[in-house]
Amino acid sequence: MEKPLALKLAPNSIDEVIGQKHLLGKGKILRNLVENKKIFSMILYGKPGIGKTSIANAIVKDLGVRYRFLNATMNTKKDFDVVVEEAKMYDGLVLIMDEIHRLNKDKQDLLLSQLESGLITLIGMTTSNPYFKINPAIRSRCHIFELKDLEKEDIIEGLNRAIKYKDLKGIQINDETISYIASLAGNDLRYAYNLLELAYHSSNQKEVDIDLIKSINSKPVFVSDHDESGHYDMLSAFQKSIRGSDVDASLHYLARLIEVGDLDSIYRRMSVIAYEDIGLANPEIGPRVMAAISASELVGLPEARIPLGEIVIQMALSPKSNSAIMAIDSAISDVETGRCGDVPDTIKIHSTIYKYPHEYPNHFVVQQYLPDNLLHKKYYIPQDTSPNERMLRQILEKLEKLKEEKKN
């Protein structure tokens, strides 16, 4: 099988790497290490297709060091053992490891001892945030470098380099089509290469235009793997945009989630937002969200975008209050830290002194409900963000006043 174009275009030097100027530009840390002929264990993390493998390969080739490549999930412990023996034979080598966040305990234990001795220098690669996903013992022995998203100009630079490659001999393509491919690729240079290569070989005249690209794929690439941080970044951006009352950003992230067809995540996140971020400022939003979800489920995509878009607009422009989540979290905190106390005698199941509120004027009677050690505790603090919470504040103040009058 012939190697794909993306592999053939893999850089042999850091000078050939597309993007990541914050690490590889003049005077930047990784370039300085290469120029000073030094290498330390490191972890490169970022979205797929933005240059992790390219940088790792370029570094070892520039330095001319012995190296091996392993995948944390695909390669067995036996493969790791072979690398360790080779490192002992040659007094050290560089191990480039993909998907390092998926390393199991046996492989971790083996790797740790070799990192500690300096026999192996690690270049780990991951799409997941290493501060959450990678074993702390391994992480502490590595320098962590975050790769930034490639810009459209970076993708165009890579495509312009690709069309000069011998495998695309005679290709006919204009700047508009290159720009279109770059737009579809998002941050993923590898995807751009793959799309260009497929288009080239699917045209008898070697002519690649926008119509041909659309016939292959008209949808942009988004990072949406449910196991990776990119997907959760998108959901986080969706919630935070609604919380921040930015209706346009809210619709943008909704559109991205719709485009990858992840309706379940949209439904769950909207339900959370309704009660966490909007809450008592607009209690009607919860049932409205459920109604929009039901409508979306009934009609399916693409029509589901209509009720979803409508409810997200309402949510973004709704008044906001987190008083409910703050109240319950405060109560849970007391329970978790042992600040509970006995249930007062007045409201125990067989209490003989319980006063039934419905038998009293205004269905209200003063008696003890909280444990003795929490008698004056206030969990719910109304916020002055909406007419509804101002009404709740007035009711609460009225009840407090009645309590004081009854005491006196």
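1. Arg305 counts as partly exposed because its relative accessibility is 46%. This residue, Arg305, is found in helix 17, which covers residues 305–317. Arg305 and Lys105 are 200 residues apart in sequence. In space, their C-alpha atoms are 44 Å apart. Bear in mind throughout that the model is predicted.

2. Next, Asp62. It has its place in helix 4, residues 52–63. Asp62 counts as partly exposed, at 23% relative accessibility. Leaving out residues up to four places away in sequence, Asp62 touches Asn12, Ser13, Ile14, Val34 and Lys37. Ile144 sits 82 residues from Asp62 along the chain. The C-alpha atoms of Asp62 and Ile144 are separated by 20 Å.

3. Helix 5 spans residues 77–89, 13 residues in total. From the first C-alpha to the last, helix 5 reaches 19 Å. That is close to the 18 Å expected at 1.5 Å a residue.

4. Which residues of helix 5 are buried? They are Phe80, Val83, Val84, Glu86 and Ala87. An α-helix has 3.6 residues a turn, so residues three or four places apart point the same way. On the other side of helix 5, Lys78 and Met89 are exposed.

5. What covers the buried residues of helix 5? The cover includes two elements listed as strand 2 (67–71) and strand 3 (93–98). It also includes helix 6 (105–117) and strand 4 (120–126). Just after helix 5, Asp91 takes a positive phi of about 60°.

6. Now the pairing of helix 15 and helix 16. Helix 15 covers residues 263–278, and helix 16 covers residues 285–299. They pack at an angle of about 170°, with their axes 9 Å apart. Helix 15 is therefore roughly antiparallel to helix 16. The cut-off behind that wording is an angle over 145 degrees.

7. Which residues make the contact between these two helices? From helix 15 come Tyr267, Met270, Ser271, Ala274, Tyr275 and Ile278. From helix 16 they meet Ile285, Gly286, Pro287, Val289, Met290, Ile293, Ser296 and Glu297.

8. Asn282 is found in the loop between helix 15 and helix 16. Is Asn282 buried or exposed? Asn282 is buried, with a relative accessible area of 12%. The cut-off for buried is under 20%. Not counting residues up to four places away in sequence, Asn282 touches Ser318 and Pro319.

9. Gln20 is another loop residue to check. It lies between helix 1 (5–8) and helix 2 (21–24). Gln20 is buried, at a relative accessible area of 5%. With residues up to four places away in sequence set aside, Gln20 touches Gly25, Ile50, Ile55, Leu147, Lys148 and Leu150.

10. Last, the cysteines. How many disulfides are there? The count comes to zero, where a disulfide needs a pair of cysteine sulfur atoms within 2.5 Å. Cys142 is buried, with a relative accessible area of 9%. Cys340 is partly exposed, with a relative accessible area of 32%.

Technical notes:
Residues numbered from 1 in each chain as written. Predicted model: local features only at pLDDT ≥ 70, side-chain atom pairs only at ≥ 80, totals over all residues. Heavy atoms only, no water. Buried < 20%, exposed > 50% of the residue type's maximum accessible area, 1.4 Å probe, protein only. Helix = DSSP H or I, 4+ residues; strand = E, 2+ residues; numbered from the N terminus. Expected span 1.5 Å × (residues − 1). Contact = heavy atoms within 4.5 Å. Axes fitted to C-alpha atoms, helices over the stretch in contact; angles between N-to-C directions. Parallel < 35°, antiparallel > 145°, perpendicular 65-115°, else oblique.
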